[in-house]
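Try each task before turning to its solution.

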Amino acid sequence: MSLRHIVVVTIALAVAGVSVVVVGGERPEFSNPRAQATVVPPSRVTLSCPESPPDTATTTRLFALAPDDVSKNGGLTAETLADADRVAGGSEDAPRVPLDIPLGQDDGPSVLVKADKGLAPGVTAFQYSASQGPRRSGVAVTGCAEARDDWWFNGVDANVGATSRLVLTNPTSGVAVVDVLIFGRQGAVMAPGSRDLPLAAYSRQSIDLARLAPGVESATVRVRASEGRVSAAIATTKVQGATPAGTDWIPAAAPPAMDVLVSGGRPGASGQQLTLTNPGSREALVQATALVSSGPFRPTSLTDLTIPPRSVLVTDITDIVGGSSTALHLTSTADITAAVISTVSRPRPEFAISTTSEPLTQRPAVAPVLRDLRTALCFAMTGRAGAYVNISWVDATGETLSTDNLRIEGAATTCTRASRPRTAYALVSADPSAAIQAAASYTGRQGVSTVAITPGVWRIARPGVEPAP
Amino acid sequence: MSSDLSAAVSVSAVIVSHDGERFLPRLLDALAASSVSPTDVVAVDTDSSDGSRSLLIDRLGESAVVDAPRDAGFGAAVSRGLSALPREGSEQAAWIWLLHDDCAPDVDTLRELLAVATSAARVAVVGPRIRAWPRAQRLLEVGVTISGTGHRETRLEAGEYDQGQHDEQRDVLAVSTAGMLVRRDVWDRLGGLDPRLPLFRDDIDFGWRVAKAGERVVFAPAAMLFHAEAAARGARRIDCTAARPHRGDRRAALYSLLVNCPAAAVPWQYVRLALGSLLRAIGYLLGKLPATALDEVLAAAGVLGRPDTIWRARRGRRAYSTAETSAWRPLLPRWWTPYANGVDSVLGLVTALLRERSSAVASSRRQLRSGRGDPTALETGPVADEAVSLPVGAGPLALVASHPILALTALLTVAAFVATRGLHGAGFLQGGALLPAPTSSSSWWGLYTESWHGVGLGSDLPTAPYVAVLAAAATLLAGKAWLVVDLLVLFAVPLAALSAYAAARAIMTSQLVCLWVAVTYGLLPALTGISTSGHLGTVVAITLLPWVVRAAAPLLTTSSTARWRSAAATGLTLSLLVAFAPVGWPMAAAATLAAAGFLAGTGRVARVPKLLFALSLPLLLLAPWSWRLVTTPSLLLTEAGRVVPGTTAMRDAWQLPFGRVDAAGAAPWWLAGGLLLAAIVALLRPDRLARVAGAWVVLALGLATVAVLSQQTVTVPGTDAEALVWLGFPTVVAQGAAIAAVAFAADGLGRVVRSGRFGWRQPVAAVTAVTAVVTPVLGLAWWTGVAPAGDLDRRAASDLPAYMTDAMMSEARQRVLVVRGDEQPMTYDVLFDDGRRLGQESVLDDPPSDSLTELVTDLVSRAEPRDVARLSDYGIAYVVLPRPISGSAVAELDAQPSLTRASSNTARMAAWQVSLPAGLVKLVDPGATRPATQSRLLPVVDRLVDTSVPAGSDSRVVLVAAADADGFEARLDGSSLNRRTTDTGVAFDLGAGSGTLEVATPTDRSRWLLVQGVALLVVAVLAAPGRRNRGEEESR
């Protein structure tokens, strides 16, 4: 054993030891610049309005608005579905100036509202009709929506005395294939011809739901596009004997959830029904809390409601809400969706349906103030702390007439009326963390209607995309 | 004349002497003692420089000695001798007996020859059985013929002993001129030996001519002649032919074949002999015999380049060629005989090597068992000549017993089968860092040889050389690329064990220790999880590392054989290793530095250049890829296979000394605990400290490399993502060094322990030995019992429907865009050819352009028709979203008019077909009136477009959807087209003209490959063991 060998071994051991110590330390910390999802304003939005009225006893108007006043660059047009080059009733290139045009028979069965560039963010459109005929009577208001692949409708009636038509519109340039699923009180309805319905590009299809599910009452209809995207709407017309008993568009509900808020009862309603739908495969146990202007309470008749799988439960809540502005907070052991059907008898029979909707955000949502109808905005929230809603009342030139900062009490429903003349619409915004739902109720001699106030498409999410490793 | 035969048959013996003084006395004595004496004896001396002439005059008389020039050939000398004999009439002998000065007939040789010569009609030539002089038992010739390649066929094996197996008299094509008995009239009719064949093949040519003349050549087994073959063995200088005997021999062989074969076969023979000579020359080059290779080429050129000479010789032979071809064709060997002989030679060589090894091992064992000294003493004493050559320890069982590594390999192979039981079956092995192999070796060859690769959007980076190695291996396995990967990964343990054993045997003496090294080292790929995590590069490097050590050992030890050959072999094996695991090169550089210091310290500085030469070879042999390593050093930290993002090399750093990298399927750390303990204890053996210290230096080098690299990250090729460096190879180096340290200390330990007094050393040695032995045993049990699959899986190489794969391989060369994930971030991949396969990752560099990423983002979020048009510009014909699928993305794609749903397994994916023309190359004519003709795909075959195009508008362009397409060129009727770069590739302005359109990828890589091939050949020749020449063999 020589000294040289000992030195070599010593050095080797030292190097090995130091190496182990170094490796035992912290590894370099780094984070890959992974592609992040981004949220950007849409550069183009197309909204589908379901259809022009099929009879001469109905007048229909289209209300469209680009609420973003930041950008002045862009356009807002209304085009017929069948002929994209033809403007249905006009166009607008200024923000916050509504496009309020009548729709006639010549405008075809469906209208597309298109906004691009600076006018695209938050664009909102409504279609409202007033009918006074021997077969149809009442007011019907509905929002025009972007095509998507999943739609839910509650309170669909296809029984004797009611006519419900499902209007499917494909506003895209690709083919869509659609399934229609119907849930009734007795469970899922096996409806022949309801699956794999093809819908060509820029086409529309109207389906009589009585043909798919004859006799079904208070049903829930789900429209699911297995390919492509569609816009869906359901129009219901009721008669009592030979007397029209109202007409309305059934508002599209938010997807089922275990915690839902239905802004429901409207003042002066003679009858109110709550429909609860459990589309899942296991039983749902539901607890309801009524949110009235004075605060929450738990109706004993709405305790421990049991909904079988894939079924609809209908319960009368007239006595509970008492004709006041009421919202229902429903908690369930399974995903459910719900709606409240309000009926009025004076001055003529009419009904309105309200359902779950997306909450307000800081971006303004549009609530049209319709002529000849009283407009009330109702807000409900489940949180106990209360919050404020900012309401701007704007005229047809885009000028803000006044601004309210409305206090919404916690776990309560608060309503306000559009009382100022010249008001064309209201812009409503709130702290999104308050999860305030809003609805606009329209009441007049011709009838009643309720429509959810939801923010338009202000931002779209672009997923983070990166090359695969 | 002492015999009765002499009265009936007259024989003239002609002796040709050329510096044969030392052989002549025995010849002359034999002639004197012959039972039948020749009628005349004449000797021709070709101006011998020794005392041959005087000796002949003394013994035969001056009148019987004829002088000839020194450069006279054998035939010319015989003719000169015959001219001194009576020319005609009764005095002329009927037979001529040709004798070389270095041969000696037996007593009855001439009698037996004459007996055969007179036994039948048409016997013109008779030849004796020729044995070696002085080894009397070894046969040299029993008649001779010539194969189609010109090889001299004797029907004898090398060194065959005469045991009566050739006692049958038979007709042959020819017999040697040594002892040849020729009928004089035939000799005269044929003009004797061909003067163009002064020394070589004159006998075959003459015999062939005799046969063609309708006469017979007969082998007489009872006639015996001994021949020293002095000229052939280099025992004397030859002056009658070129200075290069091999050249002369080959020239004579080719000449003989061409002038004697049937006329119809001459063209075929020309081609066959030209190609054969080329192959033989290459073979000689590989055998490091460049001069012989040159002889081969020059001989072929000299004969094949003079068809006039061949024609004249053939015309001369026509004068007496009366026999049908069928009469003499049976005397020629079958066409496959030379090839069968070649196979026999190789098998014989292998068998000889094994037997030699068996014999050595058996002798060694006998020595150990008997406890006596030199085992060769057992073989002393008088033994028969034949007995010396009998193999020792023959038979399968004896072979296995004498080669325990065979049994160990068999055991480990069975264990590998068991341990990988979940990974057998159909499909491609993949997972972790391992990509699926291509469908055949040709894909790998294509990837390696082409200048532009259709990977993703395209790449012009040089392919990693490991692809060529895998391609070569796959070619040997009938093109089955998957089989190569399966063997390397699933059977990494027996392969590594064999390699370790080979290296250990070269530097250690104890076979038990070598076996321990083999099994302990062999288990490293399995126990560390390197194989089950799919790190093919490290797996192969583990197998190659022992070979590098074995090759480098002579450069470092005191061996006197540290030659350039060792340096070349070291460089060659190191190049292979670096091809798979580039990090091996900087580690080798550090080791070279340490070794240079060691050599300088021990006074062997002269070996340092050899080490540097070995170290530099990978840079040369792996160029131009190795230049990428220089310009992009981070590539040194990658290896063959994928870089797995987020790979962490160590979960628990303290496990590092136990060789546990954070790999899927790794064994518990404590299984290697005994190894580390033993490596530390190994330092306690003072008499082996030098070697153990060397191993510890390497161990420290491995750990230091791990320490340095553990702080580094590496970019995942083809992306912007970073990953921690994979530390598998340096960890294995450290583990291997620990094994070596233990083995060095254990080698011969038993003798030391037994010889010393009982003390602390014996218990320590015993405990260490038990611990070291338990380590591989436990490891083997764990491996076969648990059978970890790790990240590996066996499944189809691609989830894509077959028609999409066909589209990618079609003439349109379409691409498929695969977008994965319903969560953030989504990832995309552009597939080309047969999808992402092993090897393709080596040509990925920069991530795809931002514009493509933007396009994919738009597609899955807010698609518009123009986005689909841009997809087609990228050559993307299909879009695939494997599940889980983003519902919104599916809806977006559904909404596009130019995307139509394509059939697919909807449970696994959603797919769309781009309904616009999408392919690698397309012709766009904006001025076309019909939309159908505005854009059309052009067929691509072997990366080339060669098609005719009709006239069109001025604005026509040819779009090539290829990234890194700088080298692409397009020509219309040979005229180059103007090229522009676009964001999806390149565009060539075609214009309105019609003609033949050619679009080609760059070809400069072929020049590099040629240089690389030549360099590899040269180094391989340098590294190969040299072939000893025949004379050297004889002297041994």
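**Exercise 1.** In which loop of chain B does Pro884(B) lie?

*Solution.* Keep in mind from the start that this is a predicted model. Pro884(B) lies in the loop that runs between strand S19 (876-882) and helix H36 (887-894) of chain B. The next step is to inspect the peptide bond that joins Arg883(B) and Pro884(B), which is cis, with omega at about 0 degrees.

**Exercise 2.** Determine where Asp372(A) and Ala435(A) are placed in chain A, and classify the accessibility of Asp372(A) and of Ala435(A).

*Solution.* Begin with the backbone: Asp372(A), although not a glycine, has a positive phi of about 65 degrees, and Ala435(A), also a residue other than glycine, has a positive phi near 50 degrees. As a point of reference, most residues other than glycine have a negative phi. Next, locate the two residues: Asp372(A) lies in the loop between strand S28 (365-368) and strand S29 (374-381), while Ala435(A) lies in the loop between strand S33 (423-430) and strand S34 (437-443). Finally, apply the cut-offs, by which exposed means over 50% relative accessible area and buried under 20%. Asp372(A) has a relative accessibility of 72% and therefore counts as exposed, whereas Ala435(A), at 33%, is partly exposed.

**Exercise 3.** Which residues of chain B gather with Asp966(B) in a patch of negative charge on the surface, and is Asp966(B) buried or exposed?

*Solution.* The patch brings Asp966(B) together with Asp460(B), Asp720(B), Asp845(B), Asp846(B), Asp850(B) and Asp964(B). Asp966(B) itself is placed in the loop between strand S25 (957-960) and strand S26 (969-972), and because its relative accessibility is 57%, it counts as exposed.

**Exercise 4.** Describe chain A as a whole, from its secondary structure to its charges.

*Solution.* Chain A has 3 helices and 37 strands, and its C-alpha trace spans about 120 × 55 × 50 Å along the principal axes. Of its 469 residues, 58% count as buried. Among contacts with a separation of 6 or more, 79% are made by residues 24 or more positions apart. Last, the mean positions of its 39 positive and 40 negative charges are 1 Å apart.

Notes: Residues are numbered from 1 along each chain as its sequence is written. Chains are lettered from A and ligands numbered from 1 in the order in which they are written. This is a predicted model: local features need pLDDT of at least 70, side-chain atom pairs count only at pLDDT 80 or more; totals for chains, interfaces and linings use all residues. Side-chain values use heavy atoms; hydrogens and water are left out. Patches are made of residues with over 30% relative accessible area and no salt bridge: like charges are joined within 9 Å, nonpolar side chains (Val, Leu, Ile, Met, Phe, Trp, Tyr) within 5 Å. Accessible areas come from the Shrake-Rupley method with a 1.4 Å probe; for residues, only the protein chains shown count as cover. A salt bridge is a side-chain nitrogen of Lys or Arg within 4 Å of a carboxyl oxygen of Asp or Glu. Lys and Arg count as positive and Asp and Glu as negative; His and the chain ends are not counted. The place of a charge is taken as NZ of Lys, CZ of Arg, CG of Asp or CD of Glu. Helices (H or I, at least four residues) and strands (E, at least two) are DSSP runs, numbered from the N terminus. Buried means under 20% relative accessible area, exposed over 50%, partly exposed in between (1.4 Å probe, protein chains only). Contact means heavy atoms within 4.5 Å.
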